[in-house]
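Subject: Structure handover, salt bridges

Hello,

Here is the structure for your files.

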Amino acid sequence: MTVQGELKQANASKWLQAELQYDSGVYNKHQVVMVRGQGATVWDEQGRSYIDCVAGYGVANIGHSHPDVVRAIKEQAERLIVMPQTLPNDKRAEFLSELVSVLPQGLERVFLCNSGTEAMEAAKKFAITATGRQRFVSMRRGFSGRTLGALAFTWEPKYREPFGDAVDNRNVDFITYGNVEELRAAVTDQTAAVILEPVQGEGGVRPASPEFIQEARRLTREKGALLILDEIQTGFCRTGKMFACEHSGVIPDGMTLAKAMAGGVPVGAFAMTAEVADRMPKGGHGTTFGGNPLAMAAGVAALRAMKREGMAEQAREKGAYFMEKLRAIRSPKIREVRGLGLMIGVELKEKSAPYITALEHEEGVLTLAATPLVVRFLPPVTISKEQIDGVVAAFERVLNGVNPREGRQAELAGVREEKQTE
C-alpha cells in the first residue's frame, strides 16, 4: 500500500471509530465510510466507487447531488435558512404551488414537516379531527414509522414490543395486505382511516393490486372514513408515475410524503383535501423546522427536475428493463422478481443478507433487505442501463458464488434486515 493509501486507511479507521464510539448504537454499521456521491454512484474515502441501489432508502430519486438542487441550496443559504410557518415565506409559497400542481386533483392543502414519520403522525391527527373517530385499519407487513404514534400502525411486532403499552395500537385493526374480504370486514362506521402503502417496501416490495386500492376507496367513502395512502417511498417518480396511486386511478383523502421530495434534504408533508384540513383546530398541530426555506428551495428544484427530465417515464422504462434482466438470471435460489418501476425486490429461497454483503464488498453494489429473504433495489432514477447491466451481472455472480451458510459474515459486516429510520 502506498503512503497515501495508508493515510486514507488511517483516516477511515478514525472516522469509523468516531461513529462507533459516539453513535447511539441503534445502527449496525457497515465497515466503510462514504464521502461523495454523484448520480447513481457513491465513493468511499478510499476512492472506491459503488453503484448505489439504496439511494438513502429511496431518497435520492433524482440522483446524488443533482446540480439544480445543489445550486438552489447554495443560493437559498445565502438568503434565508429558517422561518416559522406563522411567517409566510416566498420560497415556501413557491414550493407549495409546485407540489400541489403535481398532486392528485383535490389534494390542495399541505402540512409541511421534516420526515415521513412526522407526516404519518400528522395524518393520524388530521384523520381523527376530520372524522371524530379513533379507529384505524392498517396492513400486516406494513411500515409507517418508528415514533410512538406512527409505530402503532407498523405491523412488525419486534419494533413495538420493546416499548410495551406506550405503543397504543388497541384502536388499530391489522388486515392481510391485498385481502379484499378482510378489508370489507374491518372498515366500519367507527373507522377514522384506512392506511396503506401502494407498494409495501419494508414488507418485501409487494405492489397492491389496483382492485384492492379501488375497493379501499369505495369502502372508505361508503363508511365515512378516510383513505390515506403512504407514498413516502413510492412517491416522486419511483414507481413510473409521479405517485403510485396513479396506477390504480384512485385519489385518496390524504397522502403522506417525504424521502425524494427535496432531492436529499430532509422534508415531509401530509397532503390532504380542504375538507380534511379545515377540521383541524388552529394550533392543533405544528412543527419548528417544517417548511424551512432551505428545504423548500431544494424541493422546488427537485420537483422541477423530475418534470423537466421525465423521471417518471425514465423509472417506468428502466424498471421494466431492470426486472427483465433480473428475471433472465438462471438461479435456483430465486423465488420471484417483483416490483413497480424502480422499486424492485428479488425474493430468494434463503436468507438475503450474505448476498447483500457480497454485493457490497466484492462487487461494489449497494442494496438492502426487505424482510429476511428479499434483496431490494432502489436505485436513483438517473441510473444508466449500463449500470443496471453491471448490477445484474454482479448479482448473478454472487448468487453463484456465495455460500448461504456464511450468514455470520453478513452479520459481522453490519448487514441485517434493515428498516427505515425516519
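The notes below cover the conventions and then the salt bridges.

This is a predicted model, in which local features need pLDDT of at least 70, side-chain atom pairs count only at pLDDT 80 or more, and totals for chains, interfaces and linings use all residues. Residues are numbered from 1 along each chain as its sequence is written, and side-chain values use heavy atoms, with hydrogens and water left out.

Searching the whole structure gives 27 salt bridges (a side-chain nitrogen of Lys or Arg within 4 Å of a carboxyl oxygen of Asp or Glu).

One of them joins Glu94 and Arg304, at 2.8 Å from N to O. The two lie 210 residues apart, Glu94 in helix H4 (residues 90-102) and Arg304 in helix H11 (residues 293-308); helices (H or I, at least four residues) and strands (E, at least two) are DSSP runs, numbered from the N terminus. Glu94 is partly exposed at 25% relative accessible area, and Arg304 is partly exposed at 36% (buried means under 20%, exposed over 50%, partly exposed in between, with a 1.4 Å probe and protein chains only).

Arg140 and Glu182 form another salt bridge, at 3.2 Å from N to O. Arg140 sits in the loop between strand E5 (135-139) and helix H6 (148-151), and Glu182, 42 residues apart from it, in helix H8 (residues 180-186). Arg140 is partly exposed at 30%, as is Glu182 at 27%.

Arg338 and Glu336 also pair, at 2.8 Å from N to O. Here Arg338 is buried, at 7%, whereas Glu336 is partly exposed, at 37%.

Finally, a salt-bridge network links Glu181, Arg184, Glu215, Arg218, Glu222 and Lys223.

Regards
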